[in-house]
Structure formats: C-alpha cells, structure tokens
Amino acid sequence: MSETVAQEGVGRKVTLREELTARRKAMTPDIIDERGLKVQSRFLATPYYNKARTVALYAPIRGEVPTRDILIAALQDEKIVCYPLSHVHGRILAFRAIKSEAELEPGRLGVREPTNSSELIAVDQIDLFVVPGLGFTRDGKRLGRGGGYYDATLKAASARSRRVGLAFGDQIVDTLPTTNDDVDMDLVVTESQTMRGLYRDWDFLDT
C-alpha cells in the first residue's frame with residue numbers, strides 16, 4: 001500500500017468517525033434502550049452465544065448498544081462473563097470476570113469495569129468477544145474509536161475464539177477503509193438483522 005493511499009484511508013476513517021459519532025449523539029436514551037433490547041435479543045439467539053462458555057462483554061458508553069440483558073442472561077446460563085479493564089499494559093486489554101452487575105464500578109476513564117477483587121481471565125481463555133464499534137459493514141468490517149485496543153486484543157486471542165459486533169442500524173455502512181491491523185467480525189447484529197461477516201463455525205469449542 002502506498003503512503004498516499006494509507007493517508008487517504010486514515011483521513012476517511014477520521015471523517016467516518018465524525019459522521020457516525022454524530023449519528024449516535026442524535027439517538028435519545030429511549031431510542032437506545034428500545035433498539036438495544038432488540039439487538040441483545042437477536043444476539044442471545046445466535047449459536048455463537050449458545051455455544052460459548054466464557055463471554056467478554058463491554059460496558060456501553062456514548063450511545064453504544066446496551067449489554068445488560070446479555071449479562072443477566074449469561075449469568076443465568078452459568079457462563080463466565082468478563083469485562084475489560086481501563087488499565088492497559090501495551091495494546092492488549094485485560095479482563096476480569098464478574099458474578100453480578102454490582103461488581104461493575106466506574107473506572108479510571110469513567111467506564112464501568114470489574115473491581116480489583118474479581119478474577120482475572122486470560123485473553124486466550126475467552127470463547128466469545130462481544131465488540132462495540134462506531135461503524136460496521138455487512139461483511140464484518142469494523143470501525144472503532146481509533147485506539148486499536150480491541151484489534152490488538154482480538155489478534156492475541158485464541159484462534160478458536162469468535163467475535164460478534166453489536167450495532168444499531170444507523171451504524172451500518174457500505175464500505176470501510178481497513179488495514180492489516182483491523183480485525184473482522186464473525187457476525188454483526190443490529191436491531192433488525194444479523195449479518196454474516198467471517199461467519200466461522202460456531203462449534204469452535206471443539207477445535
């Protein structure tokens with residue numbers, strides 16, 4: 001890839017982030033809650049969720065799809081549920097498991113995260129990553145906030161792990177500029193559809 005093409009891709013990502021952030025800000029809390037319930041319900045019906053034993057969730061910020069219903073369902077289903085921590089050593093996120101929502105507290109960046117007393121979960125032990133994003137394509141491309149932490153973490157995860165992006169319909173775009181550092185999703189789930197990305201075998205626990 002030439003330097004000019006790479007710079008154009010970076011510029012396009014900046015523009016898209018601004019556009020997609022504006023779309024999220026235009027959504028009222030009621031709309032986020034209403035559509036979020038539908039996204040979570042669709043996710044819980046996927047074979048990826050059903051097969052996973054250890055699930056990594058995120059605590060939503062700034063208009064991201066809620067995950068509380070997923071947390072409640074996963075705990076009831078006796079899955080191990082973990083969340084990322086705000087203290088990052090290098091580019092790879094660290095995760096701690098929780099057994100109740102009460103174990104999530106505002107962290108260093110104001111995002112809810114597990115307390116220090118929660119059990120650390122190694123990245124290579126996570127079966128399913130539930131991933132936020134600013135934008136997604138129908139074939140599983142993802143645009144994050146620009147830090148690159150999720151991409152680095154997903155690359156460091158076990159080859160048998162899978163990843164599902166949660167999004168509102170307004171976040172789906174036709175194309176996204178990508179590089180070799182970007183990681184695709186197996187599924188992208190919105191309030192109205194479930195879109196195949198990589199769509200790798202959901203019997204990943206046996207591989």
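This report walks through a few local features of the structure above, from a strand and a helix to some rings and an annotated residue.

## Ground rules

The model is predicted, so to speak, on its own terms: local features need pLDDT of at least 70, side-chain atom pairs count only at pLDDT 80 or more, and totals for chains, interfaces and linings use all residues. Residues are numbered from 1 along each chain as its sequence is written, and side-chain values use heavy atoms, with hydrogens and water left out.

## Strand S3, covered on both sides

Let's start with strand S3, residues 95–98. (Strands are DSSP runs of E, at least two residues long, and helices are runs of H or I of at least four, numbered from the N terminus.) In a regular strand the side chains alternate between the two faces of the sheet. In S3, Phe-95 and Ala-97 take one side, Arg-96 and Ile-98 take the other, and all of them are buried. Buried here means under 20% relative accessible area, exposed means over 50%, and partly exposed is in between, using a 1.4 Å probe and protein chains only.

What does S3 pair with? Strands count as paired if DSSP finds at least two bridges between them. Strand S2 (residues 80–84) runs antiparallel to S3 and is joined to it by 4 bridges, with Val-81 opposite Ile-98. Strand S6 (residues 120–121) also pairs with S3 in the antiparallel sense, over 2 bridges, and there Arg-96 stands opposite Leu-120.

## Helix H5 and its buried face

Helix H5 spans residues 149–156, and Tyr-150, Asp-151, Thr-153 and Leu-154 are buried in it. Seen down the helix axis, the buried residues of H5 fall within an arc of 165°, so they line one face; the arc is taken from the directions from the axis to the C-beta atoms. The general rule behind this kind of pattern is that an α-helix has 3.6 residues a turn, so residues three or four places apart point the same way.

The cover over those buried H5 residues includes S2 and S3, along with strands S7 (128–131), S9 (142–143) and S10 (162–166). Contact means heavy atoms within 4.5 Å.

Tyr-199 is partly exposed at 27% relative accessibility, and Trp-202 is partly exposed at 30%.

Tyr-199 sits in the segment after strand S12 (194–196). Arg-196 lies over the face of its ring, 3.9 Å from the centre; a charge counts as over a ring if NZ of Lys or CZ of Arg is within 6 Å of the ring centre and within 35 degrees of the ring normal. Tyr-199 also has a positive phi, near 50°.

## Glu-64, flagged in the record

Which residue does the UniProt annotation "binding site" cover? In an unreviewed entry, it covers Glu-64. UniProt positions follow the numbering used here, feature names are shortened, and annotations may be inferred rather than shown by experiment.

Glu-64 lies in the loop between strand S1 (54–56) and H4, and is buried at 7% relative accessible area. Not counting residues up to four places away in sequence, Glu-64 touches Arg-24, Ile-32, Tyr-58, Ala-59, Pro-132, Arg-145 and Phe-168.
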